[in-house]
Every structure is written in structure tokens, then in C-alpha cells.
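Please look at this protein model from the whole chain down to single residues. Keep the sequence beside you as you read.

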Amino acid sequence: MSMPFYVAPEQQMKDKADYARKGIARGRSAVVLQYEGGILLVADNMSRTLHKISELYDRIGFAAVGRYPEFENLRLMGVRFADVRGYQFDRRDVSGRQLANIYAQTLGTVFSESLKPWEVEIVVAEVGDTADDDEIYRITFDGSIVDEQGFVAVGGSSEHVSNQIKDRFDARAPLSAALNAATHALAHENGEERELEATNLEVAVLDRSRQHRKFRRIHGDRLTALIEEGKRGATTTTDASDDTNTGGNEADQD
């Protein structure tokens with residue numbers, strides 16, 4: 001007679017977490033950050049049809065990494081919840097915080113009760129009337145929820161990407177500069193620089209100045225122009241910094 005196989009609960013949770021992290025790490029990262037006009041969402045994604053970035057409701061956007069079928073189920077669930085609540089009550093009664101909490105509860109339940117956790121990490125972002133009213137929430141595979149300030153990266157190399165953004169982040173930056181900061185971070189995702197063209201990127205904004213629905217995708221010529229504008233701005237800033245440093249050195253020599 002064989003003995004029953006026992007695994008401690010702590011080990012089960014650790015194994016599930018390791019499994020989810022490995023699954024998420026196989027994909028490319030995504031970043032969400034504030035800029036002068038609202039909130040920018042950028043994902044490294046060559047697919048034109050399988051979106052990592054989507055609209056959930058009037059002021060609320062969604063970004064995800066990991067297994068597409070799993071985070072697509074979460075997106076649809078969020079859209080349905082928002083539509084029903086907005087219809088039953090008022091469109092202003094739908095908030096990013098509500099959706100983030102629902103996602104956290106769902107992922108937490110799956111993680112604790114299912115044999116296989118969902119291999120996803122998501123961001124819910126809500127643009128406010130002012131930058132101080134903006135909200136960015138990161139929800140991980142185990143249902144943990146974090147209220148992020150200014151910017152967030154999700155994905156297998158999120159810590160490295162976050163460090164890259166931190167050096168360039170400015171909540172008052174124009175859209176082109178914010179996009180440049182995001183693409184620079186994603187291009188250095190694994191510690192190796194690679195070129196990211198417009199065709200590699202999925203980009204959208206929650207534009208504070210738009211009426212009603214704030215979500216807007218950016219692609220094609222507009223995206224290419226913003227990328228080039230951001231590169232020129234970064235080069236100008238670097239040149240100005242070099243000139244300042246040179247001037248300082250000359251003054252010291254005198």
C-alpha cells in the first residue's frame with residue numbers, strides 16, 4: 001500500500017508562484033506612465049490583433065502581460081462589470097479602483113484554489129481631471145494589488161525596466177518624451193539594447209483633454225512621428241547636458 005504524497009501548503013504556494021513567474025517572464029514587458037496630458041500605455045507587441053492594451057471604460061485603461069487567453073478573460077470581465085455598473089447607476093460610478101479590486105479578488109481566488117495559477121500581471125489605470133487624481137494599480141498573479149505612483153512596469157523583467165524608466169521619468173513631460181522614456185526602457189529590457197520600431201510597439205493614451213471616452217490608440221504615421229520627435233528631444237537634452245558639463249570643467253580649470 002502506497003503512502004499518500006503530502007506537500008506542505010507553503011511549498012505549494014511557492015511552486016505556484018514560481019510557475020506563474022516563469023510563464024510571465026517568457027513574454028515582453030509593458031509600461032504605464034504619466035505625462036503632461038494624461039497616462040501613456042506602451043507594450044512591446046508585434047501583433048496587430050492580440051492586444052495587450054485596451055480600454056475598459058470611459059477614463060480607464062488596461063495593460064497586461066503573460067498568457068493572452070487568461071488576461072483577455074480578465075479584460076472582458078472588467079468591461080462587462082463596468083458596462084453593467086455604469087448602466088445601473090451612473091457612468092461616474094465606475095472607477096479604476098473597483099476594477100482593480102475585482103481583478104485582485106479573482107486572481108487571488110484562482111491562485112489559492114486552483115492547481116494552476118494564471119500567468120498574468122495587469123495594470124488598471126484611470127486618468128483624473130488633474131495629474132494628482134490619476135490612479136495606476138498593478139495586480140499580480142496571486143491577487144496582490146499595489147497603488148503605483150507615476151509609473152509602473154509589468155512583465156518578466158519589470159524591475160530592470162522600472163529602473164530604466166526611473167532615470168528618465170517626468171510626469172510633466174510631453175507625450176513624445178514620455179514615449180521615448182518608455183521605449184528606451186523596453187529596448188533595454190534584458191540588459192541588452194535593441195532597436196524598437198513603431199511596428200514592435202502597441203501604444204495608447206488616456207488623454208485628459210478628450211471629452212467622455214479618454215482612451216485613444218496611437219499607431220501608423222503618428223506613432224512614427226512621435227518616436228522620432230522623442231529621439232530628437234533626447235539627443236538635444238543630452239547635448240545640452242554635455243555642454244553644461246564642459247562649461248563647468250573649464251571653469252574649474254580657470
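## Ground rules

This is a predicted model, where local features need pLDDT of at least 70, side-chain atom pairs count only at pLDDT 80 or more, and totals for chains, interfaces and linings use all residues. Residues are numbered from 1 along each chain as its sequence is written, and side-chain values use heavy atoms, with hydrogens and water left out.

## The whole chain

The protein chain has six helices and 10 strands. Both are DSSP runs, numbered from the N terminus: helices are H or I with at least four residues, strands are E with at least two. The C-alpha trace spans about 90 × 50 × 30 Å along its principal axes.

The chain holds 254 residues, and 46% of them count as buried. Buried means under 20% relative accessible area, exposed means over 50%, and partly exposed lies in between (1.4 Å probe, protein chains only). Now take the contacts with a separation of 6 or more: 68% of them join residues 24 or more positions apart. A contact means heavy atoms within 4.5 Å.

## The sheet from S3 to S7

Five strands make an open sheet in the order S3-S4-S5-S6-S7, and the pairing is antiparallel. Two strands pair if DSSP finds at least two bridges between them. Strand S3 (53-57) and S7 are the edge strands, each pairing on one side only. From one strand to the next, the twist averages 25°.

S6 and S7 pair in the antiparallel sense over four bridges. Arg138 stands opposite Val146 in S7. Helix H2 (residues 68-88) lies across S3, strand S4 (60-66) and strand S5 (120-126), at about 20° to S3. Such angles run from 0 to 180 degrees between N-to-C directions, with axes fitted as lines to C-alpha atoms, for helices over the stretch in contact.

## The sheet from S8 to S10

Another open sheet of five strands has the order S8-S1-S2-S9-S10, again with antiparallel pairing. S8 and strand S10 (215-218) stand at its edges with a single partner strand each, so one side of each has no neighbour in the sheet. Neighbouring strands are turned by 20° against each other on average, direction ignored.

Strand S9 (residues 201-207) pairs with S10 in the antiparallel sense over four bridges. Here Val203 stands opposite Ile218 in S10. Which helices lie across this sheet? H4 lies across strand S1 (30-35) and S8, running at about 150° to S8. H5 lies across S1, strand S2 (38-44), S9 and S10, at about 30° to S2.

## Aromatic pairs

How many aromatic pairs does a search of the whole structure find? It finds four. Rings of Phe, Tyr and Trp (its six-membered ring) pair if their centres lie within 6.5 Å; planes under 30 degrees apart count as stacked, over 60 as edge-to-face and the rest as tilted. One of the pairs is Phe111 with Phe141: the centres are 5.8 Å apart and the planes at 55°, so the pair is tilted. Phe111 lies in helix H3 (residues 96-113), and Phe141 in the loop between strand S6 (135-139) and strand S7 (145-148), so the pair ties together parts 30 residues apart in sequence. Phe111 is buried, at 8% relative accessibility. Phe141 is buried too, at 8%.

Phe151 and Phe169 form a tilted pair, with 5.1 Å centre to centre and 50° between the planes. This pair also links distant parts of the chain: Phe151 is in strand S8 (residues 151-154), and Phe169 is 18 residues apart from it, in the loop between helix H4 (158-166) and helix H5 (175-187). Phe151 is buried, with a relative accessible area of 14%. Phe169 is partly exposed, at 24%.

## Charges over rings

The charged end of Lys16 sits over its ring, 5.9 Å from the centre. The charged end of Arg85 sits over the ring of Phe89, 5.0 Å from the centre. The test is that NZ of Lys or CZ of Arg is within 6 Å of the ring centre and within 35 degrees of the ring normal.

## A glutamate in a loop

Is Glu119 buried or exposed? Glu119 counts as buried, at 3% relative accessibility. Its place is in the loop between H3 and S5. Leaving aside neighbours within four places in sequence, Glu119 is in contact with residues including Tyr19, Ile24, Arg26, Arg67 and Glu70.

The side chains of Glu119 and Lys116 are joined by a polar contact of 3.1 Å. A polar contact is a pair of N or O atoms within 3.5 Å; within protein, one must be able to donate a hydrogen and the other to accept it, and residues adjacent in sequence count only if both atoms are side-chain atoms.
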